[in-house]
Amino acid sequence: MQLPDENIEYDYKRLLAPPAESWTPLAELQAQHFLAADRLEPMRAILNAVRGRVAAERELQNPPPELLPLQAGFIDGPQKLLDSFRRKGDASELGKLNRVAQRLRDNTDRVVVLGIGGSYLGGKALFDALCHTYHNELPRNLRIGKPRLYFEGNNVDNDALADLLELLENTCVEPETPEERWGVVVVSKSGGTLETAAAYRAVRGEAAKYYGIKSDWLKQLIVPITGPKGKLRDLARAEGIPDDDILTIPDDVGGRYSVFTPVGLLPAAVMGLDVRALLLGAAAMTKRFLEEPFDRNPVLQFAAVNHLMATEAKKTTRVMAVYSRKLESVGFWYDQLLSESLGKSGRGPTPITSVYTRDLHSRGQQHQDGTRDKMINNLIVRTQKHPAVLVGMSDRNEDDLNAISRRGLPDLQEAALHGANQAYAEAARPTADIILPVLTEHTIGQLLQMLMLATVMEGRLAQINPYGQPGVEAYKRNMMAILKATPNLPKGEVRDQAKGV
Ligand code: PA5
């Protein structure tokens, strides 16, 4: 059901250096910092070979040690979920997820989503990109059955969590009133992440105090999402949550590749997004990746261009310049994907997310004129959802805007994009565009899958294992060791809160 006019594209033509015969000082500079037009030609065979290997990795039952860890389940995951939904309906994983989401939507007005890293950034990206910009501020009747969502458990920020608990205490006083009921989605694949586990204790304690320790709401409105085994699953079972209401993250899908498992899909369903369209977009991108030649394959194009820019042109800082503030969290999601996948053994590009035009007034100076270590990928949405907000005519023209009075904000945005691209090209600063025709579940599904597949391709091209994140373990070990080496006592004043239950 792929809609051809909704295909996303990658346009990298601007960063191809001009042919050698057309010499100018600028062409010389561009030759140093852009890609030689013929550099991509020999890459095609390499890309095809690497794509073949990535495709074959999906089938490996006993991967060789040098490929471990291998978590290629995300590649076919979206199509498998769709197929099983078609065959088994309500009895499928998606059917179960819809049922749990519907229960949260029917019975709560607020949902707290706890999780960190890959167990949080995907859901937050979907929320920010696809829900109303002021979703949580909308009155209930305008949210039409969609609860407010809060993302926590992604830090150990005492005051942020205390503020959330205080908000729940002050706004929810009557648990039998649906408008004052709240639920919890707790996400941890390993089940042992301290930030999420500590926040869950506090939030669960608050829920037990609110609903009553024996209340059935505790079982109905707390939804754990976790791996097949682990402490969170054990805890959920001990708390009496039925097995059927614990959603599972498949073993063969890594945390930052898990947005199209219940990790991202349950929050998406709770916020009323079209989960099928997300999965169709992702599945369509996998198909394009596996079947299309380089010229029609944004995964291969993005992987090749960004790999060459990082490794050969030494553009080791990769900027995702999002031309919509609704996409900032997609940028943060990609920051994590790239950092944890390729930042290994002293290598890997450093990601930065910038929102344009906002950050043209801050990082813009650096991008235009600073260290020549940057590759900028613009993320552009061609068509806006709302009719244009016009500049408009005014009797008072001291601000001198009457000359552009019939232009709308999309016109200003487009002028900013072309203006920035031109300025960067004239300073030999490489840029390319990821183009979304519209911002929908279907295009976001394509985009996230494209970036995950491209990251795996880049890892394989650079001989860096894109799965696993051994570097994250050191701080976790130290943190726990420090806590256990000192007395089990709090520092300073303690909040008056419910005991862990
Ligand atoms: O990509 C990853 O695997 C990590 O970022 C994890 O998602 C993150 O560390 C959270 O882990 P968990 O889901 O086990 O709590």
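In what order do the 5 strands of the open sheet with mixed pairing stand? The order is β1-β12-β11-β9-β10. This briefing concerns a predicted model, in which the protein is divided into domain 1 (4–68 + 278–461), domain 2 (86–273) and domain 3 (470–501). The centres of domain 1 and domain 3, taken over C-alpha atoms, are separated by 40 Å. The points below treat the sheets, the helices, the nonpolar cores and the cysteines in turn.

**The sheet with mixed pairing**

- The strands β1-β12-β11-β9-β10 form an open sheet whose pairing is mixed.
- The edges are held by β1 (9–11) and β10 (350–355); each has a single partner strand, so one side of each is left without a neighbour in the sheet.
- From one strand to the next, the twist averages 20°.
- Strand β9 (residues 317–322) pairs with β10 in the parallel sense, over 6 bridges.
- M320 has T353, in β10, as its bridge partner.
- Helix α16 (residues 409–426) lies across β11 (374–381) and β12 (431–436), and it runs at about 165° to β11.

**The parallel sheet**

- Another open sheet consists of 5 strands in the order β5-β4-β6-β7-β8, and here the pairing is parallel.
- Its edge strands are β5 (148–152) and β8 (247–248); because each has a single partner strand, one side of each is left without a neighbour in the sheet.
- Strand β7 (residues 222–226) runs parallel to β8 and is joined to it by 2 bridges.
- I225 is paired in a bridge with L247 of β8.
- Helix α10 (residues 231–238) packs on this sheet and touches β6, β7 and β8; its direction makes about 150° with that of β7.
- Helix α8 (residues 194–211) lies across β4 (110–114), β6 (182–188) and β7, running at about 160° to β6.

**A buried helix**

- Helix α11 (residues 262–270) is mostly covered, with 9 of its 9 residues buried.
- Among the buried residues of α11 are P262, G264, L266 and V270.
- Just after α11, G272 adopts a positive phi of about 80°.

**The nonpolar cores**

- In soluble globular proteins, nonpolar side chains tend to be buried together.
- The largest nonpolar core of this model has 125 residues. L266, W333, I434, I444 and L451 are the residues with the most contacts inside it.
- Helix α17 (residues 441–461) supplies the largest share of this core, namely 11 residues.
- Both domain 1 (4–68 + 278–461) and domain 2 (86–273) contribute to this core, with at least three residues from each.
- L266 touches L97, V100, A101, V185, V223, I225 and L247, not counting residues up to four places away in sequence. Of these contacts, I225 and L247 are also bridge partners of each other.
- A second, separate core has 9 residues, including V319, Y356, I380 and Y424.

**The cysteines**

- The structure holds 0 disulfides.
- C131 is in no disulfide, and the nearest cysteine sulfur, that of C172, is 19 Å away.
- C131 counts as buried because its relative accessibility is 4%.
- C172 is likewise in no disulfide, the nearest cysteine sulfur being that of C131.
- At 3% relative accessibility, C172 also counts as buried; the cut-off for this term is under 20%.

Conventions: Residues numbered from 1 in each chain as written. Predicted model: local features only at pLDDT ≥ 70, side-chain atom pairs only at ≥ 80, totals over all residues. Heavy atoms only, no water. Domains from an automatic or database assignment. Disulfide = S-S within 2.5 Å. Buried < 20%, exposed > 50% of the residue type's maximum accessible area, 1.4 Å probe, protein only. Pairing = 2+ DSSP bridges. Helix = DSSP H or I, 4+ residues; strand = E, 2+ residues; numbered from the N terminus. Contact = heavy atoms within 4.5 Å. Axes fitted to C-alpha atoms, helices over the stretch in contact; angles between N-to-C directions. Core = buried A, V, L, I, M, F, W, Y, C linked by side-chain atoms within 4.5 Å.
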